[in-house]
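Colleague: I have a model on my screen and some questions about it. Can we go through it piece by piece?

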Amino acid sequence: MNEQVNSRENFMYVNVDNVSFQMEFDDEYVDKSVLISLTNNFINKSRRFICVTRPRRFGKSVTLDMLNAYYSKGCDSRALFSDLNIASTPDFEKHLNQHDVLFLNMMSFEDNEFNGEKYLDILNQKVVSELKETYPDRLVKDKSYSLPDAISSLKKRFIFIIDEWDFVFREYPNNANLHKNFIDLLRALFKGVGERFAELVYMTGILPIARYNTQSALNNFIEYTIINSGPFSQYYGFTENEVNGLCNKYNLDFETTKFWYDGYKVGGYEIYNPSSIKKLITLRGFQSYWSDTSAYGLVKEAINLNFEGLKDDIIKLCSGDTISIPLPEIKSYNTADLNFKNKVAIYVYLVHLGYLGCNLEEGIIYVPNEETRLELFKFCKRKSLDSI
């Protein structure tokens, strides 16, 4: 195994090593490894197509690094996982570094020069090149393959780990042709003939598949969103108990930490943004560590124009008010398109981005904490000044 690791240390997509997870582990790692028991239960089952969406900085990439380190044949991770909770589960040994893994971060094929027109060409060229190098006896070196064609020609089964699945929609929102071709690629990989080569598909992103009206194209995926999180609730973001432990460890006031960074109610858990908590530990200052996303840009104009009183409502929310939205409306607007036919669609969109919290039991939306309140209020105030 060590010889294989050394010879493949520069590989980026096929049977990747465990270096990224090792770096997380050596830092302030909060043990979320029992999630692996969940994914083990999905391998080679009809439910093996999974899409988990959360706001940015909620630990999606760390989780995928962990899954790759556990499943990939490109590394030996026994020592890395030996002291984590997953090591005490019955199926720990069964899947440890036993799978061919294709690990794709969809941001890594970015094509800003041609506004996404070359995106799929870059993706196919980079990934297929590694597949040819990994399996030279199964793919013709000088033959041109699309990624689905290459997988089909290999006749091997993979675990697919995909980060930023929705990148092309967020980065190139006006390139409808790219959107269609990208979904066609995913459908070729994971539906029909292609699905027989998938042992497990685990995708993450910011916004759900349904958000882009692609349900029929990828209707074999089960989606776990921040609104409908299922068994993954506690594995993305830090729980209140985990944050309390970190506050004790680093001598931080828990109530102040709660005021600034708590407020996401996910599957019965109080969830904190882990990126903000880690920066708080490092910088020792209670402030906003929020990072804007390109997806937020899609609603800035609607807020600035006070679409259906949206800006007024957000200012009220920033003052501590809540807005009632019946559960059927919240669920129905998961599938709304990005034209935002009314402000309820924007509210649900902002929930998925993490700017707003949602309490399904009470049917309300709200600003979750001081960090997001400052970000929303700062934007509203800045635009008001700009219009003077």
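Modeller: Two strands pair if DSSP finds at least two bridges between them. Helices (H or I, at least four residues) and strands (E, at least two) are DSSP runs, numbered from the N terminus. This is a predicted model, where local features need pLDDT of at least 70, side-chain atom pairs count only at pLDDT 80 or more, and totals for chains, interfaces and linings use all residues. Residues are numbered from 1 along each chain as its sequence is written, and side-chain values use heavy atoms, with hydrogens and water left out.

Colleague: How many bridges join strand S2 to S3?

Modeller: S2 covers residues 101-105 and runs parallel to S3. Val-101 of this pairing stands opposite Ile-159 in S3. The number of bridges joining S2 to S3 is five.

Colleague: How many of the six residues of strand S3 are buried?

Modeller: Buried means under 20% relative accessible area, exposed means over 50%, and partly exposed is in between (1.4 Å probe, protein chains only). In a regular strand the side chains alternate between the two faces of the sheet. Phe-158, Phe-160 and Ile-162 point one way from S3, Ile-159, Ile-161 and Asp-163 the other way, and all are buried. Strand S3 (residues 158-163) is therefore largely enclosed by the rest of the structure, and its buried count is six of six.

Colleague: Which side chain makes a polar contact with Glu-164?

Modeller: Glu-164 lies in the loop between S3 and H9, and at 6% relative accessibility Glu-164 counts as buried. A polar contact is a pair of N or O atoms within 3.5 Å; within protein, one must be able to donate a hydrogen and the other to accept it, and residues adjacent in sequence count only if both atoms are side-chain atoms. At 3.4 Å, the partner of Glu-164 is Arg-56.

Colleague: Why does the pair of Phe-190 and Phe-221 tie together parts that are apart in sequence?

Modeller: Rings of Phe, Tyr and Trp (its six-membered ring) pair if their centres lie within 6.5 Å; planes under 30 degrees apart count as stacked, over 60 as edge-to-face and the rest as tilted. By this rule there are 28 aromatic pairs. Phe-190 and Phe-221 form an edge-to-face one, 6.0 Å centre to centre with 75° between the planes. Phe-190 lies in helix H10 (residues 176-190) and Phe-221 in the loop between strand S4 and strand S5, so the pair links parts separated in sequence by 31 residues.

Colleague: Is Trp-260 buried or exposed?

Modeller: The rings of Phe-259 and Trp-260 have centres 6.5 Å apart and planes at 90°, so the pair is edge-to-face. Phe-259 is partly exposed, at 48% relative accessible area. Trp-260, at 13%, counts as buried.

Colleague: How many disulfides does the structure hold?

Modeller: A disulfide is a pair of cysteine sulfur atoms within 2.5 Å. The sulfur of Cys-380 is 5.9 Å from the closest cysteine sulfur, in Cys-318, too far for a bond. Cys-380 is buried, at 2% relative accessibility. The disulfide count is zero.
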